[in-house]
Amino acid sequence: MTSTRSMVVTLFIVALVCSVILSFVYSYTAPRIEETQKELTLAGLKEVIIAEVFTPVVPDTVWKAIDSTQNVVGIVFRVFPQGYGGPIPLMVGLDLEGKITGIRIASAAEGLKETPGLGVKIIEPDFREQFIGKTLDNVFLKRDGGEIDAITAATISSRAVCNGIKQAIEKFASYLCPPLDKRCVFPDAQDFIEAITDTLWYAFGESDTIGIVFIATTQGYADQIEFIVGVTMQGQITGVEILYSNETPGIGEVIRSKEFLDSFKEKIPDAITGATVSSKALINGVKEKVECYKDYLK
Amino acid sequence: MKKSQIFTRGLIKENVVLVLMIGLCPALAVSGTVRDAFGMGLAATFVLFFSNIIISIMRKAIPNEVRIPIFILIISTFVTIIDYFMQAFQPSLYRALGVFVPLIVVNCMILGRAEAYASKNSVINSAFDGLGVGLGFTLALTVMGAIREILGNGTFLGMAILGQGFKNAPVIFMILPPGAFLVIGVMKALINKYVKKETQ
């Protein structure tokens, strides 16, 4: 009979050796795993929209798709609508007109929890390819008045995909028209001439300078907020758009709403109730920067 | 016992799922399609082969009273290492088999072979045992998967072998959990008849 001490010691040694080996293996493979994850994400992004480069707008959630000629061709977003067995990891590509360019659903090995043999059929091309070219108006199941055929005996999973896409388009529509060019915030300008590299441009009208456009950042609630502003020579704001923000979804992200951004054209608005930190950050950021660049308005 | 006997014994006569009735959880859960069943079977065979070898090598150093926690530590460490390496260097293989790895870590079949065989026998014999039992597991799962996929989905490895008409309206029941119980019950009954005849 083994003594208690030798039992404890052996078990302790085995556990110790196992943990040491595991921690070595982990630290050796972790960077590689992260890299392959990134490669997989990029491959997934390329499956839903044809583009060369993807720049994150909201980390791991929204990407801007840029083609080889440096033009923005659309956006891709990732959402997790509730399916039958769990959240469905879903990637959707949208072109600039709001048409779906493709969708990608993770396989069971990547975290899809729908019923094997039934719900998992949502990853098959027959189902997925129906979505190409659809818009917010017709991305429902046929029985719900849309144009998508549900999978037999997997209506819940099929409907979850439609709903996920619909909600995602509604939620992220404001990202679709981010300032693709500076005219977005200064519609009257004919041309722009750079005054400070990647930061400030003179806006030219018919014959002379009519204002400036600048890009600036301010500290929001969660992360930096990057924004672009157009100002006339008279100090009138012609437009404000958000280039990057990572505020709390459903709360701070309301600063992206069209109403709020448009209200800058009238006068500097008041903070939004419930999203005071984010909205104040943007308001003060705009105010400060307009003040700071007023010398260019002469 | 001869090496070949150790190996073939695990295939049918002492089939881990249908005769010994262990490892039923993955057998029921991952036999919806042939592809999944075969993948699960191969992954389990691989782990079973090496875990049997490791346990057999260490069998003299493991005190009898604490053998079970030590088996669990060794097997789960081994499987987790495989998991990390597969994720890092074989992402496509991981996409196909990764989903089965968590099922293997806690599998009673692997622990069962360590306890019942590898901890008492030589390394070579344990390796043969692991291989035989693993392939028997693969065989049982693949047959179950074939029956369930053909009847429940109208396909075999994704091909519509019973015609498009059947594929559009298959016996969906077979692919759902109750179908797994039905198939495993019928297979168990058949194998009982066969094994009994053999021993008489």
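A nonpolar core is here a set of buried Ala, Val, Leu, Ile, Met, Phe, Trp, Tyr and Cys residues joined through C-beta atoms within 7 Å; a residue is buried if 20 or more other C-beta atoms, placed from the backbone, lie within 10 Å of its own. The model is predicted, with local features needing pLDDT of at least 70 and side-chain atom pairs pLDDT 80 or more, while totals for chains, interfaces and linings use all residues. Residues are numbered from 1 along each chain as its sequence is written, and chains are lettered from A in the order in which they are written.

**Cores**
- The largest nonpolar core has 43 residues, of which F137(B), L141(B) and M144(B) touch the most other members.
- Helix 3 (34–58) of chain B gives the most to this core, with nine residues; helices are DSSP runs of H or I, at least four residues, numbered from the N terminus.
- A separate second core of 40 residues includes I122(A) and V161(A).

**Contact between the chains**
- Chain B contributes 27 residues and chain A 25 residues, a contact being C-beta atoms, placed from the backbone, within 7 Å.
- On the chain B side, helix 4 (67–89) gives the most, with eleven residues.

**Sheet of chain A**
- Five strands (DSSP runs of E, at least two residues) form an open antiparallel sheet in the order 1-2-3-4-5; strands pair if DSSP finds at least two bridges between them.
- Strand 1 (53–58) and strand 5 (100–105) of chain A are the edges, each pairing on one side only.
- Five bridges join strand 1 to strand 2 (62–66) of chain A, and T55(A) has K64(A) as its bridge partner.

Definitions and conventions. Contact = placed C-beta atoms within 7 Å. Buried ≥ 20, exposed ≤ 12 C-beta atoms within 10 Å, placed from the backbone.
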